[in-house]
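Let's take a friendly walk through this structure, from the whole chain down to single residues. Have a look at it first, and then read on.

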Amino acid sequence: MITDVNLRMLRQLASGMVGQTPMSSAMLNRLVDEIEGGGGPIVDLISGHRDVNVPLFAVRLLAGVRYLVITGQSPDLAAHLDGMLDHLEDHQWIDRTWQLFRSTIQDNSVEIASALDRPVQQHQPDRAAPLLRGLGMLAAPEVRLLELGACAGLNLIPDRYRWIAPQWEWGDGESKVRLAGYGPSPGRVSIVERAGCDLHPLNPGNPRDAAILRSFVPHELSIEQMELDDAIELAAVHGVAVDQADAVRWLEDKLRDSCSPDVYTVVWHSVFWGYLEADQQREIEDILCRAAIRTPVANICYEPHELGGMPMLQVRVYS
């Protein structure tokens, strides 16, 4: 059963979501109310899951319902949500939303159970913006980019997007994916090699995988959904196949051999570090330190101090 500590964390998460995603925040609070009420089919469905106390587990349930809406398996909820912008302050509308939300879960228990087995993969192309800023700070003309927790590889192709900042533009001028840049210009950096790993990689060219990616974008974030749709379409044609592998062993293998002294190997990850055990974190740090003896290595990461916190950009140069 989910612990009181994790229930409090879910309340805190819901509180942090109010500003951008108020309807999703309300559904998360209603879910906690249901759990604290001590019973019912939803509680029965989630309480025995092996990951019920994994951080952000409840996000899997929200994404599962969103997946059913996206794939046309919950037409009543989909039609109801079409009027969302006019009713976010309407308590009766929120009550009706929760009724449809519950019905969707109960009527699709097999699909929801499958969604509860999927890890949280909130994978937006604009997550590459901190990477781009870090590359500008590193100022290496040629980069070998390795991403840990790469999901579908959308953040391995920043040069396929068009980045627009007040004083500069960068990337493919013909790209459909147009994103806001910030900070100094990345300059004349070239990504000469790229690869990524993930325990559960998704293929942007696979319709089901693409729907899973979309399911982790809340219904309220329409602009982010359009950006993700364009990035998925682009990555299906020009993306990088992500290896299914443990990050520690994969990185050790990738850094076993030296690269040209003119190429910087950049190990990149975002909102990933907190999912690792402490010994895994130490192993990765040791791998980077040992590799730096043979080849130029840097780590660019965008990570919070704790899951659910505000991520911060860090650029660490090992050699």
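## Starting from a loop

Where is Glu 174 found? Glu 174 lies in the loop between strand E3 (169-171) and E4; helices (H or I, at least four residues) and strands (E, at least two) are DSSP runs, numbered from the N terminus. Glu 174 counts as exposed because its relative accessibility is 74%, where buried means under 20% relative accessible area, exposed over 50%, and partly exposed in between (1.4 Å probe, protein chains only).

## About the model

This is a predicted model, in which local features need pLDDT of at least 70 and side-chain atom pairs count only at pLDDT 80 or more, while totals for chains, interfaces and linings use all residues. Residues are numbered from 1 along each chain as its sequence is written, and side-chain values use heavy atoms, with hydrogens and water left out.

The average pLDDT (the predictor's confidence in each residue, from 0 to 100) is 93 for the chain, and 99% of the residues score at least 70. Confidence is lowest in helix H3 (residues 41-47), with a mean of 85, and highest in strand E6 (residues 243-244), at 98.

## The overall fold

The chain holds twelve helices and nine strands. Its C-alpha atoms fill a box of roughly 60 × 45 × 30 Å along the principal axes, and 49% of the 319 residues count as buried. Of the contacts (heavy atoms within 4.5 Å) with a separation of 6 or more, 72% come from residues 24 or more positions apart.

## Helix H10 and Glu 227

H10 has 17 residues and reaches 24 Å from first C-alpha to last, close to the 24 Å expected at 1.5 Å a residue; the expected span is 1.5 Å times one less than the number of residues. The buried residues in H10 are Gln 225, Glu 227, Leu 228, Ala 231, Ile 232, Leu 234 and Ala 235. They pack against helix H4 (57-70), strand E4 (178-180) and helix H9 (207-215).

Glu 227 is buried yet has no salt bridge, that is, a side-chain nitrogen of Lys or Arg within 4 Å of a carboxyl oxygen of Asp or Glu. The nearest side chain of opposite charge, Arg 178, is 10 Å away; Lys and Arg count as positive and Asp and Glu as negative, with His and the chain ends not counted.
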